[in-house]
Structures are given as structure tokens and as C-alpha cells.
There are 2 protein chains.
Amino acid sequence: MDLRISDAELEVMEALWGAGHPLTAAEAADRIGAERGWSLATVKTMLSRLAAKGAVKHREDGRRFLYSPAIKREAYVGNESRRFVERLFGGRLSPLVARLAEEDGLDDEDIAAIEALLKELKS
Amino acid sequence: MDLRISDAELEVMEALWGAGHPLTAAEAADRIGAERGWSLATVKTMLSRLAAKGAVKHREDGRRFLYSPAIKREAYVGNESRRFVERLFGGRLSPLVARLAEEDGLDDEDIAAIEALLKELKS
DNA sequence: TCGAATCGCTTACAGCTGTAATCGAAAGGG
DNA sequence: CCCTTTCGATTACAGCTGTAAGCGATTCGA
């Protein structure tokens, strides 16, 4: 369950996660094309690669495929987060918070949300 | 100032940051070799690539080079952190905290450290 | 002085990434 | 029935990554 997904592939995963229902390649491309300006061919390549590595699955619908995520966004994101914090901060989150705070990467709303989370955790 | 450094290259950067003084290729390899089991040749390749992309600089010392970081760890780490939070959490840190909390990625000590940081921030 | 060790540089090579074009098969429109 | 569109699959190709080996030059030890 330790899938590596590249930046471009992630874009496609986000489209699938965001749709909430299976998509054809063309539909996925529509959802992405605007932002990224990719050709349909590129989206198809991404879908093939994602299918090959088990990140999406597809069901046949006549001659085409309906693609849906094979992994949950939370699972993927949790994995990547742990990996990231491990790689740069020795597995501790606090130095990451410190670094972002020091560079003004946090606004008041975000800070309040984190405090609320932590308070919740301790109860 | 938007350097991409690969995993293997980062290992070498950590050795240089950790040393606190310039290192020869052989010294860097010594500091890394144990963990990673790389050959000297591999470390040399990493140093060349890092030099080519401006992440390390080198001074000649007779026939060899003394390598030192050309960027500060905090700067690099801050950049990567912002990029990461942007990529997966829309630029907000709180959902990352939530995710890690939900998977037991936080221990009490880490939580306390974060709370202290945030309290500091508001003063 | 002469061979061994060491230096940085160049080359190697497979796998991953970004970004498609092309192809043969099938389906759908007229 | 044929032409165009559309599908997934295959192929392309350069740049990055991980992991070195080899090379010519230099230096160092005997």
C-alpha cells in the first residue's frame, strides 16, 4: 500500500476523487484540461500508468473504461505525509510547524484550527 | 531559489549540513557510506550533480575539492514544506495535522511542542 | 623513478516522468 | 456499406534518478 504517484498522476487522481463517481478518460480530461491544458492523450497515459500500478481500477462499459480510484485519498495523503515528515523532520511534526510559522506560512484561521484539533486530541 | 533535490542527493546534502565544515568527496562518502552503503563513485556523482544545480559549491584544495552547501537547510526545508502543503492540502497546515493525528502520527511530546509554538505565535 | 592510489570528469544504463502521436479495432452517422 | 470519430494500447523521446565503472592526470610511497 506504498504507492508512489507522480505529480502529473496525482492531478488525475484528484479528478477521480473529486468526481465521486467513475469517469471515462474523456470526462477525466475535461475535468483537468482547463487547468493543466493537457491533451486527451496525456490523460489516457496517466490513467494507464495509474491502472498499471494499482492506483485506479476500471470497469468496462461497452468499448470504453470507467475509471475510479482504487485507493482512498486519506490513505494516500496520510502515507505521503508520514513519508515527508520522516524525510525532512525526523518524523516529528513540530519542527515543520515551526518552520512554516517562521516563514509566515500560517494565517490566524489555520492556527486556530490546529489549536482546536490539539485540544480535541487531549480530551 | 527553487531547487529540486532528489532523495539520494538530499542524503549528501544532509552530510554536508551535518558536518558544519567543508568536506572532500571521500569524507562525505565516509559519513554516508555506513547507512546507505554507497560506493565512493556514487557520492561523487551526487556531488557533481548538486554542484551543477547550484546546491553545493566547492573550493579547490590542491588536486581535490572541498564541498560545502550553497543553500541553508532551513531555506530548502521551508520551500519543500510549502510545496508539500500546497500540493496535498491546499496550502493549509491544519488538515495535515488532522490527518497525522488521526493515524497516530503524533505523540504527546510532539503535541506539546506544537502547542507551545502556537502560543508563542500569538503573543 | 615507477607503480599504486586518488582526483574530478565522462559515460553507462535502466526505470520513472511529462507530454504526447500513432495505430488498429470498433462503433456510429449518413 | 463506408467514412469519421473514438477507444485503449503501443511507441516516442528527452530529462531526472539511482547506481555505478572507466579514464586520463596527478600525486605519493617505496
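Ala25(A), Ala28(A), Ala29(A) and Ile32(A) are the buried residues of helix α2(A), where buried means that 20 or more other C-beta atoms, placed from the backbone, lie within 10 Å of a residue's own. Seen down the axis of α2(A), these residues fall within an arc of 95°, so they line one face of the helix; the arc is that of the directions from the helix axis to the C-beta atoms. The model is predicted: local features need pLDDT of at least 70, side-chain atom pairs count only at pLDDT 80 or more, and totals for chains, interfaces and linings use all residues. Residues are numbered from 1 along each chain as its sequence is written, while chains are lettered from A and ligands numbered from 1 in the order in which they are written.

**More on helix α2 of chain A**

- Helices (H or I, at least four residues) and strands (E, at least two) are DSSP runs, numbered from the N terminus.
- The 12 residues of α2(A) should span 16 Å at 1.5 Å a residue, and its end C-alpha atoms are 15 Å apart, which agrees; the expected span is 1.5 Å times one less than the number of residues.
- The buried residues of α2(A) pack against α1 (7–19), α3 and β2 of chain A.
- After α2(A) comes Gly37(A), with a positive phi near 65°.

**Helix α3 of chain B**

- With 13 residues, α3(B) reaches 18 Å from its first C-alpha to its last, close to the 18 Å expected at 1.5 Å a residue.
- Val43(B), Met46(B), Leu47(B) and Leu50(B) are buried in α3(B), and they fall within an arc of 100° seen down its axis, so they line one face of the helix.
- Ala41(B) and Ala52(B), on the other side of α3(B), are exposed, meaning that 12 or fewer such C-beta atoms lie within 10 Å.
- The cover over the buried residues of α3(B) includes α1, α2, β1 (56–61) and β2 of chain B.

**How the two chains meet**

- In all, 28 residues of chain B are in contact with 28 residues of chain A; contact means C-beta atoms, placed from the backbone, that lie within 7 Å.
- On the side of chain B that touches chain A, α4 (73–89), α5 (94–102) and α6 (108–122) of chain B each supply at least two residues.
- That side of chain B has 16 nonpolar, 4 polar and 8 charged residues. Ala, Val, Leu, Ile, Met, Phe, Trp, Tyr, Cys and Pro count as nonpolar, Asp, Glu, Lys and Arg as charged, and the others, Gly among them, as polar.
- Chain B superposes on chain A by a rotation of 180° with 0.0 Å of shift along its axis (RMSD 0.1 Å), so the two copies are related as by a two-fold rotation axis.
- The C-alpha of Glu115(B) is the nearest to the axis in chain B, 3.5 Å from it.

**Where the DNA lies**

- Around DNA strand C there are 21 residues, of which Ser6(A), Asp7(A), Ala8(A), Ser39(A) and Arg64(B) come nearest; a residue is near a strand if its C-beta atom, placed from the backbone, lies within 6 Å of it.
- α3(A) gives the most to the surface near DNA strand C, with 4 residues.
- Around DNA strand D there are 23 residues, and Arg64(A), Ser6(B), Asp7(B), Ala8(B) and Ser39(B) come nearest.
- The surface near DNA strand D has 8 nonpolar, 8 polar and 7 charged residues.

Technical notes
Contact = placed C-beta atoms within 7 Å. Least-squares fit on C-alpha atoms with pLDDT ≥ 70 in both.
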